[in-house]
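Please examine the protein shown below.

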Amino acid sequence: MIKNQPSHTDFENVSQQCLTQALNLIFKIYHDYAEYDEIVKEEVSLEETWSYNSGTFRTSLILLHQGIETFMKAIVCKTSPLLLIEKNRVDWPTLPSRSDKDFDTLYTISGEALLTTFCAVDSTISINRDLVQFIEDVRQKRNRAIHGANDVVLTAAELFERILKAFTFFWGKDAWFKACKNFNLQNPLFGYFDSDFEGAITYEYLDMALDLLGRKRLSKYLNVNILGREYFCPECKKNIENEGDNLESKWAFLKPNKPESTIIHCVNCNSEFNVIRQNCVEDKCEGNVIHENDGEFICLTCFNYQ
């Protein structure tokens, strides 16, 4: 008998962990560099920092590949985990005369055999040429990274976007950001400083994504339409600035993006707020999206009281 056969959720959880860690490795480099002042940044460019961390890129790429393979195993597992076993069936420990073995002790398929099996089983995932080419591209680059002597031939933006693509192919838009946010929220140390602040600080992931990909490319990986004018989120700004930090990032957008809309949606905290459409009183501000809270009116373009 083959004992302790895994479920598809076992593989899926590991897949999401691998992809989240692949993303976090890139984020840490970016975040650490952002903490330096402008004097240091004038002497050391971000590109130099990326180049120095080529080994971290290599690890991130390996984790990306592992996350993709593990997700494919999850899909195959929904049909039967036995399809993942590499041994010939005549060698399986299933006859009464043979000793039982745990599934984990058996070799499982990988590479082309796994991809072929993944494409053969029923799945809610849209398995098309784009997905297959994407998986094959990551596999080839991972092989160069792990077997070759050369550095990973990927820029930070290219590697980061491949991680977002994997999340989106497998779980849909927003999945990458939700995974990063949940990773922080589930940290046993979460909340010991300030839960509101720690919950809002995830806007830094969005800032990095915007910096690396630009608004148009990033919009492919988020459900909210971020191509319109951006606004401050009153909740995130309050939670960040209550701790003395200054929030300049704007991740709230009109829903829908129309002149008469009276709702904004924040990508970072996933909250919605009612707004009033009237011109800001500040001479230099052209904003007309005003939020009212406890009798106080604030322009969400410049965040000045009205």
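The points that follow are grouped by topic, beginning with the whole protein.

This is a predicted model, in which local features need pLDDT of at least 70, side-chain atom pairs count only at pLDDT 80 or more, and totals for chains, interfaces and linings use all residues. Residues are numbered from 1 along each chain as its sequence is written, and side-chain values use heavy atoms, with hydrogens and water left out.

**The protein as a whole**

- The protein contains eleven helices and nine strands; helices (H or I, at least four residues) and strands (E, at least two) are DSSP runs, numbered from the N terminus.
- The C-alpha trace spans about 85 × 45 × 40 Å along its principal axes.
- Of the 306 residues in the protein, 42% are buried. Here, buried means under 20% relative accessible area, exposed means over 50%, and partly exposed lies in between (1.4 Å probe, protein chains only).
- The protein exposes about 17000 Å², of which carbon and sulfur atoms supply 47%; accessible areas come from the Shrake-Rupley method with a 1.4 Å probe, and for residues only the protein chains shown count as cover.
- Among the contacts in the protein with a separation of 6 or more, 61% are between residues 24 or more positions apart. A contact means heavy atoms within 4.5 Å.

- Phe71 belongs to helix α4, which covers residues 54-79.
- Phe71 has a relative accessible area of 2%, and is therefore buried.
- Leaving aside neighbours within four places in sequence, Phe71 is in contact with Glu12, Ser15, Ile125, Phe170 and Trp171.
- The C-alpha atoms of Phe71 and Ser51 are 30 Å apart, although 20 residues separate the two along the chain.
- Ser15 lies in helix α1, residues 8-34. Because its relative accessible area is 0%, Ser15 is buried.
- Not counting residues up to four places away in sequence, Ser15 touches Gly67, Thr70, Phe71 and Trp171.

**Helix α6**

- Helix α6 (residues 129-147) has 19 residues and should span 27 Å at 1.5 Å a residue; the end C-alpha atoms are 27 Å apart, which agrees. The expected span is 1.5 Å times one less than the number of residues in the helix.
- The residues Leu131, Phe134, Ile135, Val138 and Ala145 of α6 are buried. They cover an arc of only 95° around the axis, so they are on the same side of α6; the arc is that of the directions from the helix axis to the C-beta atoms.
- On the other side of α6, Arg129 and His147 are exposed.
- The buried residues of α6 pack against α4, α5 (111-120) and α7 (156-171).
- Asn128 caps the N-terminal end of α6, with a side-chain oxygen 3.2 Å from the backbone nitrogen of Asp130.

**Helix α8**

- In helix α8 (residues 175-185), the buried residues include Ala175, Trp176, Phe177, Ala179, Cys180 and Lys181.
- The partners against which the buried residues of α8 pack are α1, α7, α9 (195-200) and α10 (203-218).

**The four-stranded sheet**

- Four strands form an open sheet in the order β3-β4-β5-β6, with antiparallel pairing. At the edges stand β3 (230-231) and β6, each with a single partner strand, so one side of each has no neighbour in the sheet.
- Two strands pair if DSSP finds at least two bridges between them.
- Strands β3 and β4 run antiparallel and are joined by two bridges; Glu230 stands opposite Phe253 in β4.
- Strand β4 (residues 252-254) is joined by three bridges to the antiparallel strand β5 (residues 263-266). The bridge partner of Phe253 in β5 is His265.
- Three bridges also join β5 to strand β6 (residues 272-274), and these two run antiparallel. In β6, Asn274 is the bridge partner of Ile263.
- The hairpin of β5 and β6 has five residues between the strands, and Asn270 takes a positive phi near 60° there.

- Strands β8 (residues 289-293) and β9 (residues 296-299) run antiparallel and are joined by four bridges.
- Within this pairing, Phe297 in β9 is the bridge partner of Glu292.
- Two residues lie between the strands of this hairpin, where Asp294 takes a positive phi near 55°.

How values were computed:
A polar contact is a pair of N or O atoms within 3.5 Å; within protein, one must be able to donate a hydrogen and the other to accept it, and residues adjacent in sequence count only if both atoms are side-chain atoms.
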